[in-house]
Structure formats: structure tokens, C-alpha cells
Amino acid sequence: MGLFLLDYGAGNVQSLANSLVSLGYSFQWIKQPSDFAQATSLIFPGVGAFETAIGHLTARGLFQPLKEYILSGKPYFGICIGMQVLFESSAEASSMGLGIIPCPIQKFDDEDKSVPHMGWNTADPLVSTDTEGVDASSYYYFVHSFCAKYEPERYPDAMRWVHTTTQYGQEVFVSSVRRGNVFATQFHPEKSGKAGLALLEEWLSKPEAAHTHAPSAPLLNRTPKAAHNLTKRIVACMDVRANDHGDLVVTKGDQYDVREKTTTADTAGAVRNLGKPVALAARYYQAGADELCLLNITSFRHSPLQDQPMLAVVRAAAECVFVPLTIGGGIKDSVDPDGTPRSALEVAGAYFRAGADKVSIGSEAVYAVERYRASGAFDPKGAIESIAAVYGKQAVVVSIDPRRVYIDDPSTYDGPYKDELVYGAPDSVDERERGKAWWYQCTVSGGRESRPLSAVQLAQGVEALGAGEILVNSIDRDGTGRGFDLALVNLIKKSVKIPVVASSGAGTADHFVDVFEGTPVEAALAAGIFHRGEVGIDEVKQKMKAAGINARETSK
């Protein structure tokens with residue numbers, strides 16, 4: 001089989017390459033237009049913006065050869081962007097698609113849900129037989145803001161291509177297509193754990209002739225159910241830094257201090273060593289983590305492209321982890337020691353090529369919002385804006401680190417954050433909260449410096465700049481084991497329409513139930529309790545299921 005992969009020049013295609021290698025399949029890359037003639041099977045994976053994908057395909061002379069390949073009848077498997085380019089157009093772009101499926105890609109309605117659609121959802125086949133490896137009982141990973149809506153009355157010819165549909169909010173959209181020689185998924189098999197690998201294996205193991213004559217689909221009425229199947233996500237986070245011997249280790253801060261305590265105040269303890277990053281990442285993947293996050297908290301952050309050990313960690317983790325991987329630390333404009341300038345977009349691109357799916361931006365996002373609020377203008381070269389423009393907003397996570405600022409007499413407070421005040425319960429177990437109120441102030445540099453910006457202002461600012469997800473930390477709760485700061489999470493969640501991840505404070509499995517029952521947050525993250533073995537990911541999911549919270553099974 002002449003299996004080829006198409007890399008359109010932006011986005012993480014390495015994850016699919018790693019998946020194919022793990023399944024024992026060899027392949028070649030499409031490097032030039034003439035390579036299409038040698039391909040007898042073609043996979044086109046990709047995450048990113050529709051406009052960028054079409055632009056890169058056209059600039060490299062691949063657009064028309066790709067269309068001719070698909071129309072030739074040879075097997076084609078598209079993933080995410082590889083599916084969307086089959087359609088005639090997208091609301092995301094002015095460029096036209098391949099036009100093979102005659103209907104447009106549209107934007108999700110965000111009235112009743114967060115956009116992007118991000119996380120694990122089901123794919124429901126229109127026909128229960130010959131499902132091309134799609135398991136209706138499994139969850140697959142989605143990350144997109146635009147979709148082909150399932151509208152058989154409006155687009156009957158296009159809906160004859162539909163293989164599966166998925167519901168998000170009260171919208172039903174096309175989650176895969178299959179007809180003739182074409183099979184394509186909106187979700188990411190290479191990031192969908194065991195279920196995704198099984199789907200890839202099913203397609204790859206069949207003779208090529210079996211992929212050339214899929215029938216047209218029936219036109220069915222898919223009335224939205226009362227609720228969608230999108231699960232709540234559990235994220236395992238690893239803070240990575242060099243210890244005093246120069247080895248990269250996973251560590252964890254106590255109120256952001258990553259060194260062990262000593263008996264004397266003037267002696268610094270050793271950096272806490274909670275394990276090797278790749279080994280821990282593999283362990284958490286096997287344990288059922290829905291996503292993983294690697295944060296580079298010190299090493300080479302002034303020139304991240306020179307940080308070859310960290311890039312090597314990302315590559316190695318991506319080879320054994322088949323769920324989404326977020327990388328943070330140093331995603332900003334920088335200058336190498338030799339004076340070479342590096343843009344945030346260039347840094348992010350290096351991580352994506354190494355195997356990352358999303359990048360996390362921290363302090364730089366605070367400065368960007370301060371500039372945006374002062375000028376009212378977008379900066380197309382800014383970290384958030386430029387990365388979102390090329391890779392899609394779903395690729396940009398902003399990590400915020402707020403700290404409480406207490407107001408002793410809230411009845412007389414008339415400051416700029418009066419509409420954001422949170423009021424302590426009279427019977428709170430925390431004596432600092434009784435009869436008081438507080439607002440949340442943003443910090444930078446790992447919480448060491450406060451900025452004249454509230455957490456709400458920051459969240460709304462990064463959403464406007466193009467971020468697709470917000471990670472909400474809490475300096476006050478970090479390392480305490482007292483549970484997530486539900487007031488903070490609710491405050492941020494009601495201020496934006498993009499997904500939010502709760503972080504800081506988890507000490508028990510019940511705390512995850514508390515945050516999902518007490519807030520509409522999409523995901524929750526923990527670090528230390530997982531590293532130290534105090535709480536297992538399987539234990540968290542068992543508690544969630546017992547409470548009626550939708551969670552992905554760790555066995556799939």
C-alpha cells in the first residue's frame with residue numbers, strides 16, 4: 001500500500017504520524033504535487049484555521065492535485081481540517097473549499113454552550129452496520145469552532161455524504177462523512193485514546209479496494225436530545241523544570257514555591273522531584289487522563305527555541321500519549337543568545353511540530369490585554385492573535401493566576417471592581433472571608449508581581465484577542481488541598497463564552513465532583529495529588545459517575 005500523509009504546513013500532524021508508527025504502519029509524506037500520483041491511500045490530518053489551510057495548499061501547489069486525487073477514486077481519509085476542506089466554503093474564511101460536498105461549514109451557535117466545541121463526545125452512525133470502525137459507545141476528541149450542520153431538508157445532496165452525527169448543545173452536526181472513496185472525521189482519532197487508535201487500525205487494515213465504494217447515506221431526522229454527550233474533562237498537569245543537577249523533572253509548588261522546606265530560613269531546599277515528565281505523561285494517559293499539560297516553568301524560557309531538552313520531552317511524550325497535549329512556558333516573542341529574534345508564532349510552531357496540540361500563554365497574555373485595553377486595537381503580531389490566526393483559536397490556552405484582594409468594609413467600597421466583588425459567607429470556615437468581600441487581581445511571573453487588572457478583565461480581554469480556552473488558577477488555593485475556588489471559577493465562567501478549566505486546590509476526588517456540580521466549567525486540572533498518588537484519575541472518574549457527571553471511561 002502506498003500510504004501517504006499530507007502536511008499542509010501548519011498544525012500538529014506529528015500526532016497522527018506517531019499513531020501510525022505505534023500501530024506498525026509505514027508511510028511517506030506528500031512533499032510536492034507529483035507525489036499524489038504515487039499515493040494509493042492518502043490521509044490528510046490537521047488542526048487550524050480553514051483560511052490558513054487553503055492558503056498553504058494553494059501556495060504549495062497542492063490544492064488542485066488534492067482535489068484530483070480525491071476525484072480519482074483512490075482511498076482518502078481526512079481528519080478535522082482534512083474533512084472541512086471537502087466542503088464548498090467556510091464561515092471562517094473567504095477562501096473556497098474543494099467543493100466536493102455541496103454545503104458550507106458554519107460557526108457554532110454560542111447561545112447555549114461554549115465555543116469551541118472542545119472535549120470528548122460521541123459519534124452516532126446513521127446506519128448501524130458497516131460503521132468503518134466508529135463505535136457509537138465510545139468517546140472521541142473534538143476541538144473546533146466551525147462545523148457542517150446536519151440539515152437534510154436544506155442540503156439533501158450534501159447530507160448523503162454523512163456517516164455520523166454528533167450533538168453539541170441543541171445543534172446536531174456532521175462528525176464524519178463517508179461516500180465512495182472518501183472517509184473523513186471532524187474528531188481526531190489520533191487524540192482519541194484507545195477508541196481512536198482502534199478506528200485508525202480498522203481503516204488501515206482493510207484492503208484499499210474496500211475503501212472505494214461506500215454507499216450514499218439515508219436522510220434521517222436527527223432531532224436534538226435534551227442534552228449532549230460531551231464529557232467533563234480531567235486534566236493532569238506537570239510542571240517541568242531543571243533540578244539543581246540539570247535534569248528535567250516534574251515538580252510542584254507549595255503556593256508556587258517548588259523547593260523543599262528546610263529547617264533554616266537562609267538555606268534553599270532542593271527542587272521537588274516528583275518524577276520524570278515522559279514517564280508520568282505515559283502513566284497518566286494509561287490511567288485515563290482526558291488531556292495532559294506540560295508547563296516549562298524555568299528552563300530556557302528567555303529563549304525557548306534553544307531549549308532542546310524540553311522540545312525532546314514534548315516529542316517523546318507525543319510518541320506514547322494519544323490524548324491532547326498542551327505545552328506552556330515561554331510562548332512569547334524572544335531573542336536567542338546570538339541576537340536572533342523569535343516570534344511567539346515561531347515558538348508555538350516548534351512545539352506543534354514536536355507533537356503539541358495546544359499552547360498555554362501566561363504572563364504575556366496579561367501584558368497583551370493591558371495593551372489592548374489601553375489602545376483598543378488588535379495587534380496581528382501579538383502572541384494570542386497570531387497563533388489563533390494560523391492554528392485556530394482552539395490551539396490557544398490562556399493560563400491566569402489571580403490572587404484575592406480583600407475589602408474589609410464592602411458596604412463602602414466604590415472602587416473599579418465593585419461589580420466583580422465576591423462576598424464571603426457569614427459561617428465560612430475561613431475566618432478571612434467572614435463579613436468580607438474580595439475581587440481577584442491578576443499576577444505575572446508565577447504570582448510574584450501583581451498587575452492593575454482583574455481576572456474578569458483579563459478573561460474577557462483574551463477572549464476578544466482570540467484565545468480558545470482559559471485555565472483558571474488560584475494562588476490562594478494552590479497547594480492547600482481545600483478544593484477549587486468555586487467563586488472564582490463561576491466568576492470567570494459567566495464572563496466568557498469559551499471553555500474554562502478549573503485549577504488549584506484539589507485535595508480529594510470529591511473536589512472534582514464539587515467543581516462540576518457547583519460550576520458549569522468544562523474541565524478540571526490537578527497536579528500534586530496525582531503525582532504523589534494521593535488520588536487516582538480512575539478514582540476521580542468513579543466519583544464523577546456516581547454523582548451522575550458524564551465522564552469518559554478510562555478503558556476506552
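Reader: Which residues of α10 and α12 meet?

Author: On the α10 side they are Ala 365, Val 366, Ala 368, Val 369, Tyr 372 and Arg 373, and on the α12 side Gln 457, Leu 458, Gly 461, Val 462, Ala 464 and Leu 465. Please keep in mind that this is a predicted model.

Reader: At what angle do the axes of α10 and α12 cross?

Author: They cross at roughly 80 degrees and come within 9 Å, where α10 covers residues 363–375 and α12 covers residues 455–465. That angle makes α10 roughly perpendicular to α12.

Reader: And how do α12 and α13 pack?

Author: The angle between α12 and α13 (residues 486–493) is about 40 degrees, and their axes are 9 Å apart. That makes α12 oblique to α13. The crossing of α12 and α13 is right-handed.

Reader: Which residues meet there, in α12 and in α13?

Author: Ala 455, Val 456 and Ala 459 of α12 meet Leu 488, Leu 491 and Ile 492 of α13.

Reader: Let us turn to α1 and α6. How do their axes cross?

Author: The axes of α1 (residues 14–22) and α6 cross at roughly 70 degrees and come within 10 Å. The two helices are therefore roughly perpendicular to each other. In handedness, α1 passes α6 in a right-handed crossing. From α1 the contact involves Leu 16, Ser 19, Leu 20 and Ser 22, and from α6 it involves Leu 197, Leu 200 and Leu 204.

Reader: A change of topic: the aromatics. How many aromatic pairs does the count come to?

Author: The count comes to 19 aromatic pairs. In one of them, Phe 142 and Phe 187, the ring centres are 5.5 Å apart and the planes lie at 70 degrees, so the pair is edge-to-face. The pair links distant parts of the chain, 45 residues apart: Phe 142 belongs to strand β9 (residues 140–144), and Phe 187 to the loop between β13 (182–185) and α6 (193–205).

Reader: Are Phe 142 and Phe 187 buried or exposed?

Author: Both Phe 142 and Phe 187 are buried.

Reader: What geometry do Tyr 284 and Phe 530 have as an aromatic pair?

Author: Tyr 284 and Phe 530 form a tilted pair, 6.2 Å centre to centre with 55 degrees between the planes. Because Tyr 284 lies in α7 (residues 277–287) and Phe 530 in α15 (residues 528–531), the pair ties together parts that are 246 residues apart in sequence. Tyr 284 is buried, with a relative accessible area of 3%, and Phe 530 is buried at 3% relative accessibility.

Reader: Which residues form an aromatic cluster?

Author: One aromatic cluster consists of Phe 108, Tyr 140, Phe 142, Tyr 168, Phe 173 and Phe 187.

Reader: What about charges over rings: where does the charged end of Arg 552 sit?

Author: The charged end of Arg 552 sits over the ring of Trp 120, 3.9 Å from its centre. Likewise, the charged end of Lys 107 sits over the ring of Phe 146, 5.9 Å from the ring centre.

Reader: Now Gln 186. Where is it found?

Author: Gln 186 is found in the loop between β13 and α6. At 0% relative accessibility, Gln 186 counts as buried.

Reader: Which residues does Gln 186 touch?

Author: Leaving aside residues up to four places away in sequence, Gln 186 touches Cys 80, Met 83, Gln 84, Phe 142, His 144, Phe 146, Phe 173, Val 174 and Ser 175. The C-alpha atoms of Gln 186 and Gln 84 are separated by 7.6 Å, although the two residues are 102 residues apart along the chain.

Reader: You mention Cys 80. What is its phi?

Author: Cys 80 has a positive phi of about 60 degrees although it is not a glycine. Most residues other than glycine have a negative phi. Cys 80 lies in the loop between β4 (76–79) and α4 (81–84) and is buried, with a relative accessible area of 4%.

Reader: And what of Asp 130: what is its phi?

Author: Phi of Asp 130 is near 55 degrees, a positive value in a residue other than glycine. Asp 130 lies in the loop between β8 (124–125) and β9. At 43% relative accessibility, Asp 130 counts as partly exposed.

Reader: Lastly, is the peptide bond from Val 115 to Pro 116 cis or trans?

Author: The bond from Val 115 to Pro 116 is cis, with omega near 15 degrees. Most peptide bonds are trans. Pro 116 has its place in the loop between β6 (101–107) and β7 (117–121).

Notes: Residues numbered from 1 in each chain as written. Predicted model: local features only at pLDDT ≥ 70, side-chain atom pairs only at ≥ 80, totals over all residues. Heavy atoms only, no water. Phe/Tyr/Trp six-rings, centres within 6.5 Å; stacked < 30°, edge-to-face > 60°. Helix = DSSP H or I, 4+ residues; strand = E, 2+ residues; numbered from the N terminus. Buried < 20%, exposed > 50% of the residue type's maximum accessible area, 1.4 Å probe, protein only. Lys NZ or Arg CZ within 6 Å of the ring centre and 35° of its normal. Axes fitted to C-alpha atoms, helices over the stretch in contact; angles between N-to-C directions. Parallel < 35°, antiparallel > 145°, perpendicular 65-115°, else oblique. Left-handed = near helix turned anticlockwise from the far one by under 90°. Contact = heavy atoms within 4.5 Å.
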